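Look at the structure first.

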Amino acid sequence: RMFHDDELEESEKFYVGQPRVLLLIYALYNTLVARSEMVCYFVIILNHMISASMITLVLPILIFLWAMLSVPRPSKRFWMTAIVYTEVAIVIKYFFQFGFFPWNKHVDYTKDKPYHPPNIIGIEKKEGYVHYDLVQLLALFFHRSILKCHGLWDEDEKGDSSSNKEDTDDELSLTGGRRDSSASLKSVNLAASVESIHVHFPEQQTAIRRKSSSSISQLSHRSSFSSHRSKREQILDTFKNINHTSLYFLQCKLCVIKSHCGLCCFRTLQVYVPIRQFFYNLIHPDYSAVTDVYVLMFLADTVDFIIIVFGFWAFGKHSAAADITSSLSEDQVPEAFLVMVLIQFGTMVVDRALYLKKTVMGKVIFQVILVFGIHFWMFFILPGVTERKFSQNTVAQLWYFVKCVYFGLSAYQIRCGYPTRVLGNFLTKSYNYVNLFLFQGFRLVPFLTELRAVMDWVWTDTTLSLSSWICVEDIYAHIFILKCWRESEKRYPQPRGQKKKKVVKYGMGGMIIVLLICIVWFPLLFMSLIKSVAGITNKPLDVSITITLGGYQPIFTMSAQQNQLKSLDPNEFNEFLRSYRGNTAALQFLEGYAREDITRADLEGNSNSLWTISPPSRKKMIQGLLDFEADFTLVISWTIQRTLEEVYPYYIKAPSDSLAKPIKQLLKGCRWENITVSLVKNTSEEWWVLNQLGKRQKTPHESLELFIFSDKVSPPSLGFLAGYGIMGLYASVVLVIGKFVREFFSGISHSIMFEELPNVDRILKLCTDIFLVRETGELELEEDLYAKLIFLYRSPETMIKWTREK
């Protein structure tokens, strides 16, 4: 070997021979070192999520609008700004921890108020106020040490040293190559008059600085030759050698000084010019490392969308709601949910439009607006809406973290530039089972395929009409699916004359059989299991009885509440079951109830209301009771005969609806219980007293005993589905699914000429050619290829020739 070192070879052998755990630790450390920049970003964002104050808000905004947009990497100025700012923040937080400040005397009262000024600023007194800031400072110094080890920390200063900063006014630094974050006007020192102007122009790129010394000496010679000219002529020569943007800014600055606008305007210009030059270089790069991370940005937005749907209550004022399904089942759309969904969906649509138009300027403007808007809303508006601090809102913190991932991906997309060609769906790049099932799942999402097709047609230059565009998209999707199946057949070929393997038959066929059986019997299984397995016990809160003789004034009203409603203990429940040992119908009924579903109500025998009846009605009622040949009704929530024998429903079933019914299976011989009714008279008042004869709980005083069997109810989140009932589920679920299944099994014969294509490569290439010429702007060729595709599908003979095996 050309290069050989025994020590290095021994070191390699020693490293390979280490335990796997130690090797894993080495690998994790190397990953940490390689991504120390991302570690700093993560710690800064985490610190802001937990602190949620104006002090910690500055660095996250600088990350998304400065550091991540810098090419090729953040400059030393950013890291020094982050380090110094973190140190200053630590000192400020420490200073305001002293107890003599007025707001620190009532910390327990103001710590949870989101709009308390110290809480907003971040100077409130609390335990561990500086822990995350110290971790952030440690991460920044760690990254600084990594940059120094690789010689990247003083890179900017080395570039500055290549040009003499003490040059005369007419010595220039030519601009060229791709400008990074340091390619801006470093300083413009303007005195009170034009004669005392000293200008430092944009720095050179490293590659441009490596010019020969001869060219530099020629420039210096030209400068010395022109030293006798006036200052104004030197300035005019300077303007001729700089780019138009710098010329514009210098002219503006000269006008400022000539018009004596003052030092304030000059300082503002000093801040504005580098920022504008930074974004100008970002939008107009001389080269571009094209990349495409739109899919990852879309996934991040999708995750945020899911977080909003399942945690919408975290973005509203009242956070006691269980989930979105319970609110929607009551035909209520929460305002917080609606606003968040519309905003999130709107940003996804705008992002798609920018991606299709490939406009970096629009993406930069959208990034700036979104970064400031999201941070202002999350940390200043949302705490007032939810009436709690952002640091106490876990769902909002999770949403913000995913949005930060989106911001990072957007910054990376801006820095590298949009791709020049956007061809097809990202799921159609490979032809395997994973892409096949993901693509078909993508097409099953309601309105997603249609919305994507229409948006692509709106924001893409094309000569096709909307119907023609959708036709091409549908053909491409169909051909891609066929291509995946043909590739799978090539990877797993089936020899001729060989029967299908049992693994395939029982795997695919068995799965379809189980699926169809589950669909058919889904309502019965669902309604059976929803209450027995996931059901919630629904005990009664009030049991009332009212007895009316005929149509006269009620003679008895009584209710049982709280302590009068008792559950059975295990011994009483077992004794209750043994009493019906020989009754099959009763045991079958009791099979569906547990001990906690049964409630015993003890009602006082004395009516809780006086019997107020007029004398004529009282006399008429007595006559009706004495006439045994006439019918006389006794109403106890239902109509019965006038006799008082076998009239009392000892056992009541309380279903999920409001109608309670007696349980005939538990009434011995289907005979109801007997009660006695007596009228008690006082000097001027009278009332009725009822007593049950066959009570299980023997009591010396007059009373009524009632057993209530409460049906379990479905959980609130599934109530909207269980409310349809068995027949409703069959009509709305099984029949609808059965219709689609029937179409799949019965419509095959009509699509044979489009499904049974042995080789679809030529058709697939024709579709991709349409996409390609559209992206290159060859719109006439797009029309020709589209006409060719339509003719191919109109001609079965041509289709057969095109799809033959090569």
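**Helix crossing and ring pairs**

Q: Is the crossing of α22 and α32 left-handed or right-handed?
A: A crossing is left-handed if the near helix is turned anticlockwise from the far one by less than a right angle, and right-handed if clockwise. Helices (H or I, at least four residues) and strands (E, at least two) are DSSP runs, numbered from the N terminus. The crossing of α22 and α32 is left-handed.

Q: Which residues of α22 and α32 make the contact?
A: Contact means heavy atoms within 4.5 Å. On α22 the contact residues are S468, C471, V472, I475, H478 and I479; on α32 they are Y786, L789, I790 and Y793.

Q: How many nonpolar, polar and charged residues does the contact of α22 with α32 have?
A: Ala, Val, Leu, Ile, Met, Phe, Trp, Tyr, Cys and Pro count as nonpolar, Asp, Glu, Lys and Arg as charged, and the others, Gly among them, as polar. By class, the contact has eight nonpolar, two polar and no charged residues.

Q: What is the basis of these values?
A: This is a predicted model, where local features need pLDDT of at least 70, side-chain atom pairs count only at pLDDT 80 or more, and totals for chains, interfaces and linings use all residues. Residues are numbered from 1 along each chain as its sequence is written, and side-chain values use heavy atoms, with hydrogens and water left out.

Q: How many aromatic pairs are there?
A: Rings of Phe, Tyr and Trp (its six-membered ring) pair if their centres lie within 6.5 Å; planes under 30 degrees apart count as stacked, over 60 as edge-to-face and the rest as tilted. The count comes to 28 aromatic pairs.

Q: Why is the pair of Y41 and W79 stacked?
A: Y41 sits in helix α3 (residues 36-51) and W79 in helix α5 (residues 76-95), 38 residues apart. The ring centres of Y41 and W79 are 6.0 Å apart, and their planes are at 15 degrees, so the pair is stacked.

Q: Is Y41 buried or exposed?
A: Buried means under 20% relative accessible area, exposed over 50%, partly exposed in between (1.4 Å probe, protein chains only). The relative accessible area of Y41 is 3%, so Y41 is buried.

Q: What is the angle between the planes of F315 and W399?
A: Both F315 and W399 are buried. They form an edge-to-face pair, 6.3 Å centre to centre, and the angle between the planes is 75 degrees.
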